[in-house]
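Dear colleague,

I am passing on the structure we spoke about, and below it you will find my notes on what turned up. Please read them with the coordinates open beside you.

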Amino acid sequence: MRCSKISYATKSLLLAGCLTLSACGGGSPTQLASPSRPTTILPPPVSLPQNPSDFETTEYNADWSLRAINASDAYARGFTGNGAIIGMVDFGFELHNPEIDWHPSSHGPDQRWVDMYESYLGVEVTESHHGHWVSGIAAGRKNSLATQGVAFDAQVLAVDFFAGVNRHTEFSNGVTYTVSDPWGYVVNNGARVVNKSIGYDEEDFISNPPASNGNQHYTITNAARVVELGGLLVAAAGNDGDPDPMVSNIDTLTLINQNNLWASGGFFLVAGSVSPNGLISSFSDRAGILKDYYLVAPGDNISISAEEFGLSGYSTGWRGTSFAAPHVVGAAALLFGQWPQLSAAEVADILLSTATDIGDPGVDAVYGHGLLNLDEATKPSGQTTVAVKSTTAAVTLTDGMIVMGTAFGDASPQNLADVMVLDRYNRDFYVDARANVISPPSGLDFNSVLDQRRAPLSTAVQLNSGLTAYISINDTAQATLPPEIFLTEREKLDNKPHLQAWHVTGHLSPTVPWVVGQGYQLHQALDIIDNNGIQTGALFVTDHKSQPGRSTRDMFFASGLPLDVNNRLTFAVTTGTEAAQPDHNLVAYHQEMRRQGLETRLSHNFSRGQIALGLGALWEQNALLGSRSSAGLKLADQTVTGRLSLQGHITLGTVLGHDWTLEARAIAGISDVSTSSASLFEKFNHFTSSQWQTRLTSQNIIVEGDQFGLNLSQPLRVENARVQVTRATGYNLALDAPDFTTQWLNLSPTGREIALEAGYARRTEDWTFSANIIRRFNAGHRAGVTDDSLLLHARTRF
């Protein structure tokens, strides 16, 4: 001990009144309401703990206090005090009473020390069951009998004031002191939080004790010993209605400060009392000079249970800060039981910082930090971070999101129902992150189709003999928009004409064409160079080619080199950046995304058509085949996809009086993914993807200039995507860090979409008309989902 031994002996002279309850937290029996007749409480029906109301049983409602501190919210989150040990230094324990789970190291009184105490001070020790009452408030069992304690699954290590544990002898001023250290005893036997509902005030000083029995006296050490050993000491404020807590509390804090007992991580709290009306009790000592260590809890009109009221009954109307302190102690036990790695100072800070502010704003001299609030104390505090294994960087779950691309269909990362997050105290919480994953819609995006088709300002401008510019502008207000969740606020308000696509063509030489532009994908740029003459345009809704649209901002350049009269080598490069959109309502779009691509194609022309073999690569930053993700749920820092394509077309000749053309394209890809070090997803396999399409088209079917076609296609689909996820499953107390488990999850969709479509289009000078009939099997790559669609579209200008 670093504190003065003499201080124990001198302060022991002030404890006589404490044992008559004249100044302790409990108040004197004459101040208490008369006990009511014992009432037998019948057990409620058993129900599953699904929400707070499931815990608000008859036993719970036997007293108003549990509801006042929002205890049922803590119970609904699984907090019961299991594993926690509460230290109680008091008197009058019923250590045989089954209403409390008594720790086996509990001690009752030793008559030798009772006799010595009474003889020296000339007083009689009270026979009150004060210690048992206080213990029941803190940890009375939840068993449908009598009342229920705050931490109903906690153990109580009870040590009677006269137990004489850890005692030694001191001599001072002619007096032989037998000094017991119950505070050190309970802490050293596992108690993390200790209740002190006994104390002294000015009126308890005894200047001239009888000093009989050979000047031998029994006393105990100062409760500052709890803080010295790293425990949490919770003391009753006192019952004189004074502006400051009673003297014993001020002395304890002074001793802690003088000897720097905070270094152990221990802490000291003082508990005042509020009445059922939420106001400070008239008898309660206020926060005063100890306001930084003070909070309030129910301590007025309290129901208590003890054998004296019948095992199944309880008595109501009791009052005193003695009954406020065990509410705080029980709350601390709930936290220690859930997170034994917390220090006493951290638990105290949680209770103080989450208390409901009442009285004057902020920490005040009446209520201190405010009213104990278990709902807030058992929620994450401060910024929460996802528990990831490979980094110590702070990654918030609110910043984590996955917007799955259509190639993944209904695939979604699993095991996100209980993702561990850590708060500022390193407490582990488990949250459902499934709402942070947005799967792509399974339906067709008719909005984009219509947006493309209402672009009447598509024109070609001959710049000079070698240059031609092609521009497509949407000059119609955006009457139809993509799904609302994907829009930024700016896009929702943007009704101005916008550029859909443009490109400029020219020739480096008569045989070396080039094209530069924006708004097309690489294979479309290569089609322009190949000049294959296939002009099906927007005939098909299920076209696997991405049509020009306002979301395509990539710049491209393409050129070609003839190898001989029938063979050509073409290539195209693209680059683009989508700037971060901080106003977007999806956080996955708050980060910049860049793309770079390269594709080459070897084409062979023959008399009736063309066949081509292509090889390409696409690099994406912060994306994965159209999927966007961020923070702790980030799928990819970057993705490199290699693609092999085979395509061609052939003129079949005249059938039923019309010329028909058959086109086909198949693309296979393999992707390499670099994952983020600050994510649950740590590694991808080298997965493949595929897409294919075949179509039969003809013109002039009904009237001159119309188009008709049949299309059979499979849109882009991942084939065998698997991701390794390393997630926290529990907290390792020995390591003071989460435990992690690793497993591979399947990210392939359950089905394979096959789309069959018939399309018809006709354009006159004033009107454009189109019709599409579509049947999709396993729509959106979702197994068993079949949908049928009919799109009729007519447009005119006036």
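**Confidence and findings**

In this predicted model, pLDDT (the predictor's confidence in each residue, from 0 to 100) stays under 50 over residues 545-551, a stretch for which the model has 22 contacts beyond four places in sequence, a contact meaning heavy atoms within 4.5 Å. The pLDDT averages 83 over the chain, and 83% of the residues score at least 70. Over residues 1-49 the pLDDT is below 50, although this stretch has 124 contacts in the model beyond near neighbours in sequence. Where pLDDT is low, the predicted coordinates should not be read in detail.

As to conventions, residues are numbered from 1 along each chain as its sequence is written, and side-chain values use heavy atoms, with hydrogens and water left out. Because this is a predicted model, local features need pLDDT of at least 70 and side-chain atom pairs count only at pLDDT 80 or more, whereas totals for chains, interfaces and linings use all residues.

Turning to the helices (DSSP runs of H or I, at least four residues, numbered from the N terminus, as are strands, E, of at least two), helix H5 (residues 130-139) packs against helix H9 (residues 321-338) at an angle of about 40°, with their axes 7 Å apart; axes are lines fitted to C-alpha atoms, for helices over the stretch in contact, and angles run from 0 to 180 degrees between N-to-C directions. That angle makes H5 oblique to H9, given that angles under 35 degrees count as roughly parallel, over 145 as roughly antiparallel, 65 to 115 as roughly perpendicular and the rest as oblique. H5 contributes His-130, Trp-133, Val-134, Ile-137 and Ala-138 to the contact, and H9 contributes Ser-322, Phe-323, Pro-326, His-327, Val-329 and Gly-330. By class, the contact of H5 with H9 has seven nonpolar, four polar and no charged residues, where Ala, Val, Leu, Ile, Met, Phe, Trp, Tyr, Cys and Pro count as nonpolar, Asp, Glu, Lys and Arg as charged, and the others, Gly among them, as polar.

H9 also packs against helix H10 (residues 344-353), at an angle of about 120° and with their axes 10 Å apart, and the two are therefore oblique to each other.

Among the strands (two of which pair if DSSP finds at least two bridges between them), strand E20 (residues 512-518) runs antiparallel to strand E21 (residues 555-562), joined by five bridges, and Val-516 has Phe-557 of E21 as its bridge partner. E21 in turn pairs with strand E22 (residues 567-578) in the antiparallel sense over eight bridges, and a hairpin joins E21 to E22 through four residues.

Further along, strand E23 (residues 593-606) and strand E24 (residues 609-621) pair in the antiparallel sense over twelve bridges, with a hairpin of two residues joining E23 to E24. E24 also pairs with strand E26 (residues 638-655), in the antiparallel sense over 13 bridges, and Leu-618 has Thr-641 of E26 as its bridge partner.

Lastly, an open sheet of three strands has the order E16-E13-E25, with mixed pairing. Strand E16 (437-438) and strand E25 (628-630) stand at the edges, each with a single partner strand, so one side of each is left without a neighbour in the sheet.
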